[in-house]
Amino acid sequence: MVKVHADSDRIEEKSDDFFLEFEAVCLTGCSKDLMVRIDRLCSQHNIKVFCGDVYGYYGYMFCNLGQEHKYIEEKPKLVKPTGNSGGPEAKKAKVDINETIVVKKTTSFCTLKEALGVDWTSEKAKARLKKTPADYFMLHVLLKFRTDKGRDPDPQTFAEDSKLLIQIRDDVFEALEVSTDLLREDFASYCFSEMSPVCAVVGGVLGQEVVKALSQRDPPHRNFFFFDGRTGNGVVDYFGP
């Protein structure tokens with residue numbers, strides 16, 4: 001039987017020992033500094049970390065499964081052709097959908113601090129800018145808003161918060177040394193409240209990744225998942241060293 005325990009204490013007041021009791025830690029609604037602190041601690045003790053939030057039409061999930069995450073993946077078995085008949089196509093191995101083989105694999109993850117600390121002035125990072133989802137940079141803006149205001153954008157202060165989001169975007173992008181063209185100003189109109197359908201998608205993916213990580217079955221999402229409720233599109237991308 002699964003035991004569920006509700007703890008009303010503030011997570012900021014928890015000691016390091018509290019987090020060391022778990023195999024996996026999932027963080028939502030936390031500040032960037034707190035997530036970085038807990039992620040670093042858990043990474044040092046081989047504890048899996050998941051972070052996720054929903055901002056209006058947008059949502060994300062981050063996971064750090066350690067420097068060496070082992071898992072198994074089932075793949076269809078390839079059957080070698082028999083006999084000498086047939087041309088080149090007949091000599092190719094065929095996929096047997098009725099039989100699978102188990103493949104052992106290993107992958108690595110980085111910390112949240114490393115994932116958010118990409119040096120966009122490097123040639124390697126510049127080369128991938130055009131393929132980088134705008135959601136990654138939007139996350140920087142929204143985490144900075146939460147740090148500065150101690151809350152997320154509020155519909156009751158829509159006009160004020162929208163202007164502040166754009167100002168934070170300009171400041172964050174200047175610090176990252178990237179162009180503000182990567183994130184259009186209208187993003188600020190869609191970051192308020194938590195849209196239930198977006199919560200369902202992001203929460204479903206996050207829960208799926210927790211199960212996959214703890215059971216060590218199937219390839220994990222490495223290391224970000226972003227969902228845009230306006231377009232209905234989700235993307236998995238890796239950021240870090």
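A residue is called partly exposed when its relative accessible area lies between the buried range, under 20%, and the exposed range, over 50%. By that rule D186, with a relative accessible area of 26%, is partly exposed. I open with this residue since the terms will return throughout the talk. Please keep in mind that the structure before you is a predicted model.

D186 has a charged partner. Its side chain meets that of R184 in a salt bridge, 3.0 Å from N to O. R184 counts as exposed, because its relative accessibility is 61%.

Let me now turn to the chain as a whole. It contains seven helices and seven strands. Read from the N terminus, the order of elements is α-β-α-β-β-β-β-α-α-α-α-α-β-β. Along the principal axes, the C-alpha atoms occupy a box of roughly 75 × 45 × 35 Å. Of the 241 residues in the chain, 38% are buried. Among contacts with a separation of 6 or more, 64% are made by residues 24 or more positions apart.

Next, the domains. The assignment divides the chain into domain 1, residues 20-68 + 108-237, and domain 2, residues 69-106. Their C-alpha centres are 38 Å apart. Domain 1 contributes 12 residues to the contact and domain 2 contributes seven residues.

How much area do domain 1 and domain 2 bury between them? The figure is about 860 Å², with 56% of it on carbon and sulfur atoms. On the side of domain 1, the residues that lose the most area to domain 2 are E68, Q216 and R217, which together make up 54% of what that side buries.

The polar part of this interface can be described pair by pair. One salt bridge is counted between domain 1 and domain 2. R217 also takes part in a salt bridge with E74, where the closest N and O atoms are 2.9 Å apart. As for residue classes, the side of domain 1 that touches domain 2 holds five nonpolar, three polar and four charged residues.

Q216 counts as partly exposed, because its relative accessibility is 38%. Another positive phi value, near 65°, belongs to S193, again a residue other than glycine. S193 sits in the loop between α6 and α7 and is partly exposed at 39% relative accessibility.

The peptide bond from R222 to N223 is cis, with omega near -10°. N223 lies in the loop between α7, residues 196-215, and β6, residues 224-228.

Within helix α7 itself we find E209. Is this residue buried or exposed? E209 counts as buried, because its relative accessibility is 1%. Leaving aside neighbours within four places in sequence, E209 is in contact with F50, M61, P220 and H221.

Not counting residues up to four places away in sequence, I168 touches V141, K144, F145 and D148.

I close with the remaining salt bridges. The count comes to 17 salt bridges. In one of them, the side chains of D16 and R37 meet at 3.0 Å, N to O. This pair links distant parts of the chain, with D16 in helix α1, residues 16-19, and R37 in helix α2, residues 32-44, 21 residues apart. D16 is partly exposed at 38% relative accessibility, and R37 is partly exposed at 23%.

A further salt bridge joins the side chains of D237 and R128, again at 3.0 Å from N to O. D237 lies in strand β7, residues 233-237, and R128 in the loop between α4 and α5, so the pair ties together parts that are 109 residues apart in sequence. D237 counts as buried at 16% relative accessibility, whereas R128 counts as partly exposed at 26%. Finally, D7, D9 and K14 are linked in a network of salt bridges.

Technical notes: Residues are numbered from 1 along each chain as its sequence is written. This is a predicted model: local features need pLDDT of at least 70, side-chain atom pairs count only at pLDDT 80 or more; totals for chains, interfaces and linings use all residues. Side-chain values use heavy atoms; hydrogens and water are left out. Domain bounds come from an automatic or database domain assignment. Contact means heavy atoms within 4.5 Å. Buried area is the accessible area (1.4 Å probe) that two parts lose on being put together, summed over both. A salt bridge is a side-chain nitrogen of Lys or Arg within 4 Å of a carboxyl oxygen of Asp or Glu. Ala, Val, Leu, Ile, Met, Phe, Trp, Tyr, Cys and Pro count as nonpolar, Asp, Glu, Lys and Arg as charged, and the others, Gly among them, as polar. Helices (H or I, at least four residues) and strands (E, at least two) are DSSP runs, numbered from the N terminus. Buried means under 20% relative accessible area, exposed over 50%, partly exposed in between (1.4 Å probe, protein chains only).
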